[in-house]
Amino acid sequence: MEKFLFKKIEIWVVVALLLVGSLAGIGFGAAVLDAERETNRFGELAQVARNIAEIPDTTKKLISRDRLLLAYSNAAFEGKPTGWSIAGGPLKGLDGYILLSRYDGTSHQHKIELYSLPDLRVQHEWALDVDALFEGNVHRSAYFDSNNWNQSHFREVHPLLLPDGGMIVKDHYSPVFRVSSCGARKWINDSQAFHHSTEADADGNFWIPSLAERPSFKRAKLSFREDMITKIGPGGNILFDESVTQILLRNGYQNWLFSNGMYNDDPTHLNDIEPVMHDSPYWKKGDVFLSLRNISTILQYRPSTREIVWLKRGPWLSQHDVDILDDHRISIYDNNAQDRGTGVFHDGPSQIMVYDFETGDVTTPLSGVMKAKNIRTAAAGLYTALPSGFSLVEDVTDAHMIIIGPDDKTAAEFVNRADDGDVYHLGWSRYIDKQHGETALQAIRKAKCNG
């Protein structure tokens, strides 16, 4: 053995081995790249190469704790109970339901729960079979985040409960699905990468942000994220699809998107589409309000005439979640978050801002409680005006939900803590009115999903 290990080797053999090794390394790298880009030049060999390349990451995941869906650490929650806690008894005057979407760090999967008001008790729970959702998925968008398409990591972001007890669900940058009251897939639309909010309009269609597969304008990088406003029918077909970039270019806002020396792959970052349900002096049924985070802009668009009716840039900063409050006011979740090249920071708490179309005034009605709770939402964030003067605030950054009473005091809180003591991500929740919730629950019970 010793003679073998210390045997002299000809130089030409060493050079030949190095050359073969280099060529093998280049070929292996090309096969891995082929698998990532899905160009299918290497066939099954490409997938084998990628699996080998992922061995270190796979090993790391197996021996280390899964922290992908952990929320940011916040010492303020250390003394808070897990789940819902009500301050001072029942929430008098408040009815309906909260559809809560959250990652359950104990069972290591995402769950959707329907809580009744005012008692905040679970009336129904969905834990979807992710493998069944994606069965037969054929389109692979360049923007799909398919690494998370498994039971442990797929999030049902902003699920929409339907009157038949089913739901519209998706993750960020995934296909969109309609599921039955028992959670079985009814249809899938995988034509684009859908993301952020899901809202129903007055005609029963669904408005969801998506991304164009390729930029629609000249001299663009392929990595440019061109947001689309997409309307999907009840059967899963696309009824309307228009580029936010093209809307801005067509209306003279090119300078909000591009300038010399300051290119951004994601200049608009559409994070909410809010359909208008009824006519008012300031909007028409069929209009949509858009929240464009990266240019701190709220925009009212009329798809029927392809015109921008109104827009305003600030005073909100990196905002999210525009809602219609009445016939002349809208609310905006002002993240008040900025990045000056050193990471995201807040110059004060996040705010709920209300814009009044009658007066042009902007007010911050919950500024006291937002400051007292030190809510500093780096991204996302949702606000809903509830019946009887209550408000619902979802601080996505800290996986923390608050119901605020008419007196601007905390009426109830939800902390998404698991058995391991850590707090995990929420998945964008929503208020369901009493009639809608009861109709859906009746359909669910009639289906006898667990029977």
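Select C449 to begin: this cysteine is partly exposed, with a relative accessible area of 28%. Partly exposed lies between buried, under 20%, and exposed, over 50% (1.4 Å probe, protein chains only). The model is predicted, so local features need pLDDT of at least 70 and side-chain atom pairs pLDDT 80 or more, while totals for chains, interfaces and linings use all residues. Residues are numbered from 1 along each chain as its sequence is written, and side-chain values use heavy atoms, without hydrogens and water.

A disulfide (cysteine sulfur atoms within 2.5 Å) joins C182 to C449, S to S 2.0 Å. C182 sits in the loop between β7 and β8, C449 in the segment after α8, 267 residues apart. The S-S torsion is about -80 degrees, so this disulfide is left-handed. A search of the whole structure finds one disulfide.

Next, show L114, W126 and L161. These touch the most other members of the largest nonpolar core, which has 25 residues. Such a core is a set of buried Ala, Val, Leu, Ile, Met, Phe, Trp, Tyr and Cys residues joined through side-chain atoms within 4.5 Å. Elements supplying at least two residues each include β2, β3 and α8. Helices are DSSP runs (H or I, at least four residues), as are strands (E, at least two), numbered from the N terminus.

Finish on the open sheet, β1-β26-β25-β24-β23, paired antiparallel. Pairing takes at least two DSSP bridges. The edge strands are β1 (83-86) and β23 (382-385). Zoom in on β24 and β25: five bridges join them, and D395 stands opposite H400.
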